[in-house]
Amino acid sequence: MTNGSGSDGRATVRVEVRDGVGTVTLARPHRLNAITYTLLVELREALLGLGARDDVRAVVLAGEGRAFCAGLDLEAGLADPALDDPVEAMQAGMEAGAAVTSAIRTIPQPVIAAVQGHAVGAGFAFAAAADVRMVGADARFSAPFLRLGMSVGDFGLSWLLPRIVGHGRAAHLFFSAGALDAGQAVAAGLAAGISADPLAAATELASHLADQPPYGVRASKRLLDAGLSSPLHDHLAAEARAQTIGALSTAAQAAMAETLAATKRRER
């Protein structure tokens, strides 16, 4: 377990690893896990640290308390406190947030977000960057950017959301500065399901993935990402390469032999 500390001395990010599942928890419940520059830096480091570990097969991203992440901490702000120039400091904060989204997408393990309560702004973006989202009945995804005089381009959300729910639905949500509740998120394809305990549901899925041979899981994440932008011809070639490597791996050979043996037992 590793902890990061904010300026008030409280932990901002908590990391735990158990049975092949790494769990990264935003740990500012007193501020509804609102983001600061420090939290963003520590969140990226936590994700990349888990991504580099062979014993971590899947990652859960969660928020402590009654919210996943309430977006920007309006009191602390986003600027890097080490920089004096306000433009440079704000740019550093934006880059730190973008680096979190990049880390979620580029670590080899699937990331499952457990969303309860509010996922606002940056929280919406980080949940959207995950591979799967399990939500509580009280989950609410909010995009208030236009109401605040900002654009909708926040940590990749304007790229991610249209690819998940479709351009028209994403545009309507952004231009209305609207929100999706749990049921609407499931109906839109943003959330995989509603659970009384989204963290338990996310951990259950992550545990299932951790039990699978790792090559297939990691290659599948790469293929799903590549499919967002690659032409069909190129993607077919990428699939063929991935399947060839997977089929010839020791883990796949063992799994196929076990499945064949089980099939023969049932046929007797």
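How many cavities of 30 Å³ or more does the count come to? The count comes to 1, where a cavity is a set of points on a 1 Å grid over the protein atoms alone at which a 1.4 Å probe fits but cannot get out. Welcome to a predicted model, in which local features need pLDDT of at least 70, side-chain atom pairs count only at pLDDT 80 or more, and totals for chains, interfaces and linings use all residues. Residues are numbered from 1 along each chain as its sequence is written, and side-chain values use heavy atoms, with hydrogens and water left out.

**Confidence**
- The protein's mean pLDDT (the predictor's confidence in each residue, from 0 to 100) is 91, and 96% of its residues reach 70 or more.

**The largest cavity**
- About 30 Å³ of space lies here, a volume being the space filled by probe spheres set on grid points joined across faces, edges and corners.
- Its lining residues (those with an atom within 4 Å of a point) are Arg57, Leu209, Gln212, Pro214, Val217 and Arg218.

**The largest pocket**
- This pocket (an open set of points with protein on both sides within 12 Å along at least five of seven lines) has a volume of about 420 Å³.
- Its lining has 20 residues, and Leu72, Phe145, Leu148, Met150 and Asp154 lie nearest the centre.

**A look at Gly97**
- Gly97 is buried (under 20% relative accessible area, with a 1.4 Å probe and protein chains only), at 0%.
- The C-alpha atoms of Gly97 and Thr36 are 9.3 Å apart, although 61 residues separate them along the chain.

Technical notes
Buried < 20%, exposed > 50% of the residue type's maximum accessible area, 1.4 Å probe, protein only.
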